[in-house]
Amino acid sequence: MREIVRVTRTVVVRSCRLPRKVFRVFIELEGMYRNMVEQLVMYAVRNNITSFTRLKALKYRELRGLYPHLPSHYTYTVCQDAVTRAKSFLRLKKRGLTEREYPEVRSVSIWLDDHLWKIDGLTSIEVATHKGRLSIDLVLHKQYWRYVSRGWRLASEARIRLDRRNRQLIVYLIFVKDVEVYKSRGYLPVDVNENNVTILIDGYAYILETGMEKLVLGYYYRRRRVQERYDKLYGTKSRAKRKVLRKLKERERKRDIKWKIANIVVRVAYVRQYAVVLEKLGRNPANNMIKRIEDDQLRHRIFQASFKGIQKAIEEKAREYGVPVVYVDPKNTSKQCPIHRAPIKYGNSSRIGRCSKGGELWHRDVTACWNILLRALRGDGSNAPSPVGLYVDVSRMPFGTKATHDPTGIPRSLWARWKSLEETLRNPEVMEMTL
Ligand SMILES: [Zn+2]
């Protein structure tokens with residue numbers, strides 16, 4: 001049976017600079033939209049409503065009465081927008097990650113459905129407003145054309161945001177593609193940590209260092225210093241502070257690392273037609289080492305940046321390439337010897353431990369990879385395909401060599417420069433480390 005998955009990608013394009021009169025219509029539209037979203041989010045949070053259908057049923061009439069000249073489908077998209085905001089706020093609230101009563105509707109993008117916009121030729125869009133349908137020319141770029149020419153099609157939804165300074169619309173187009181997932185010929189176990197991503201390729205472990213924990217912690221303290229300094233000088237809501245915080249580029253750095261890692265991992269699997277094997281992550285990083293961080297928000301951020309974020313990026317990339325993803329139980333993957341099934345004793349904060357039965361040495365992240373692989377082979381909690389050409393017989397694994405405790409470590413400064421692991425490994429600096 002063939003498995004098909006749907007992949008979506010958001011592509012951001014800008015409109016041409018709009019005439020004042022036209023732009024004013026969008027400012028009015030945004031005002032009405034924002035007002036509706038604010039009211040609805042308050043209402044939804046107060047009444048604990050997280051269903052779009054329910055919210056729409058309760059509020060449709062009222063919203064139509066509020067702005068009768070607005071195309072009726074804005075009521076639908078506003079409800080969707082509001083429910084999404086309410087949901088994520090209620091989730092944060094439940095986890096104690098916010099002290100606010102209601103979510104703040106800070107930035108607004110106007111959600112459009114297939115009744116509210118359409119593509120007009122390939123270079124402009126038409127948007128329904130309270131002043132009729134307006135045609136907007138787009139400034140298109142290479143990325144857009146790449147999607148158009150490579151078999152992606154446009155989804156029926158889109159979003160727009162206003163850039164007041166340049167009198168432009170920022171249009172978020174969503175491209176969709178159906179990809180066939182191949183039948184895997186083997187497994188690529190992936191262990192995601194706070195500080196690295198370890199992969200095991202046919203018995204050889206590679207540690208791609210990300211330094212995510214350090215990065216998040218570093219930004220956290222820098223952020224706090226900036227906040228304290230500027231709050232004292234200008235009060236808590238200063239523009240200067242926001243500007244400095246933005247300059248830190250925390251989000252961009254993390255995003256960059258995440259996608260580069262995902263690309264490397266997925267390419268390794270794809271060229272071998274392997275499935276990617278990941279640990280099934282819970283909502284809370286209970287088993288992980290970041291338990292030692294007491295600050296709830298900080299722990300959440302490290303979890304998102306280094307575990308969930310990287311995993312999600314790998315899943316997303318895998319889908320795009322049709323690479324199957326298999327999940328295994330994450331329990332004790334780094335604590336048990338994959339050969340003897342005996343506990344591995346790690347010294348104080350050491351990443352290298354000794355098997356309590358066989359006495360051989362193990363690197364923590366390599367151990368995790370082997371156990372992830374073994375669980376995939378046993379088909380724990382997944383519909384794993386049967387293994388072909390892999391080490392099913394544990395005794396034939398290339399142990400006894402340095403492979404169990406001496407993986408090839410690749411610092412971020414190296415892998416980040418290359419598109420694939422093969423290219424990275426061809427780099428003389430890495431070659432030296434491997435030898
Ligand atoms: Zn052992």
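Two strands pair if DSSP finds at least two bridges between them. Strands (E, at least two residues) and helices (H or I, at least four) are DSSP runs, numbered from the N terminus.

This is a predicted model, in which local features need pLDDT of at least 70, side-chain atom pairs count only at pLDDT 80 or more, and totals for chains, interfaces and linings use all residues. Residues are numbered from 1 along each chain as its sequence is written.

**Exercise 1.** Determine which strands are joined to strand E8 (residues 187-192), and how they run.

*Solution.*
Step 1. E8 and strand E11 (residues 275-279) run parallel and are joined by three bridges. Within E11, Val277 is the bridge partner of Pro189.
Step 2. Strand E9 (residues 196-201) runs antiparallel to E8, again with three bridges. Here Thr198 of E9 stands opposite Asp191.
Step 3. Three residues lie between E8 and E9, which form a hairpin.

**Exercise 2.** State whether the residues of E8 are buried or exposed.

*Solution.*
Step 1. A residue is buried if 20 or more other C-beta atoms, placed from the backbone, lie within 10 Å of its own, exposed if 12 or fewer, and partly exposed in between.
Step 2. Six of the six residues of E8 are buried. Tyr187, Pro189 and Asp191 point one way, while Leu188, Val190 and Val192 point the other way.

**Exercise 3.** Identify the residues that touch the most other members of the largest nonpolar core.

*Solution.*
Step 1. A nonpolar core is a set of buried Ala, Val, Leu, Ile, Met, Phe, Trp, Tyr and Cys residues joined through C-beta atoms within 7 Å.
Step 2. The largest has 56 residues, and Val265, Val276 and Val277 touch the most other members. Helix H9 (residues 364-378) gives the most to this core, namely nine residues.
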